[in-house]
Amino acid sequence: MSGVPSPAFRIGQPVRVRAADPPYHTRVPRYVRGHTGQVRAVQPVCELPDDVARRRSPVRRLPVYSVAFAASGLWDGTPSDTDHEVVCDLWECYLDAAGPGGATDQEERPR
Amino acid sequence: MSGEHTDLPVAARVRRLEARLVAAGLVTDEQLDAVLEQRLYRATPFNGARLVARAWTDPGFRALLLDDAGEALEQAGLGGLLAPDEHLRVVENTAGTHNVVVCTLCSCYPLLLLGPSPSWYRSDAYRARVVREPRAVLAEFGYRVPDEVAVRVWDATAEARYMVLPRRPAGTGHLDEEALRGLVTRSGLIGTAPV
């Protein structure tokens, strides 16, 4: 189908989650907003819940990415508490390309 | 509903809601029954355990399960039971990495393969803490992940539903596929236990 968008990001690419806090339903967890992660997997396109919740028509169908974040950039805590990785699934419009250096997530923490 | 708690207030509310939806012509009783049959009565962690035991004994199936879980479900006779945009992803525990699943936004979960979710999976405490301090949370479940094993937390924020493929326990080489199924627990499929 020609209407299916091809993915804008590739596996391994650093991406930054948009920090905006929209006044409508969205599926961006607050704890990753503004943070940079790395694309681990590209999933099939599916309906954007933000559009569904706002009764927009047509509802956009966009690629979804599994994006991995180093917990040490997301949370305060002892090194042994935050040596893990958190992977979130995020629709393409929630993300922007980040610098090739992958700016290691020293941005502002949410709250 | 399960038929076991029909006198609970929530059951009465559900019945009233069902009646309103049917009266409004939005659904039929037959459609509701079909959904319940498919998504609740057939949903059991035994389905997940079947997939795991087969993956432990059949390297080709294991590769397919990790690469294209939807196709693996078809092969295992469990196809066609996910919602339209939902798809299954299986993440494998290895000697170096332990996986654990959560949905911080609500309680998304591969119901068909794991059965109804445990109440703690839906609790604010689990959802908030497992992304912050998974080693501490897992330790409270009785599983102390070795320091040299990395922990990866999968937050099911879109339409993928995650299941963990645990490591086959040592000393089980003599067991056949059916016996191996009995070793797999729902907690192992979520990642709050080693198997």
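**Exercise 1.** Find where Arg55(A) sits and describe its phi.

*Solution.* Start with the place: Arg55(A) lies in the loop between H1 and S3 of chain A, where helices (H or I, at least four residues) and strands (E, at least two) are DSSP runs numbered from the N terminus. Next, take the angle: its phi is near 55°, a positive value in a residue other than glycine. Then look at Pro58(A), in the loop between helix H1 (49–53) and strand S3 (61–70) of chain A. A cis peptide bond joins Ser57(A) to Pro58(A), with omega about -5°. For background, most residues other than glycine have a negative phi, and most peptide bonds are trans.

The model is predicted: local features need pLDDT of at least 70 and side-chain atom pairs 80 or more, while totals for chains, interfaces and linings use all residues. Residues are numbered from 1 along each chain as written, chains are lettered from A and ligands numbered from 1 in written order, and side-chain values use heavy atoms, without hydrogens and water.

**Exercise 2.** How many residues does each chain bring to the contact, and which salt bridge joins Glu159(B) to chain A?

*Solution.* First, count the residues: chain A gives 24 and chain B gives 20, with contact meaning heavy atoms within 4.5 Å. Now turn to charges: three salt bridges cross the interface of chain A and chain B (a side-chain nitrogen of Lys or Arg within 4 Å of a carboxyl oxygen of Asp or Glu). One of them pairs Glu159(B) with Arg27(A), whose closest N and O atoms are 3.3 Å apart.
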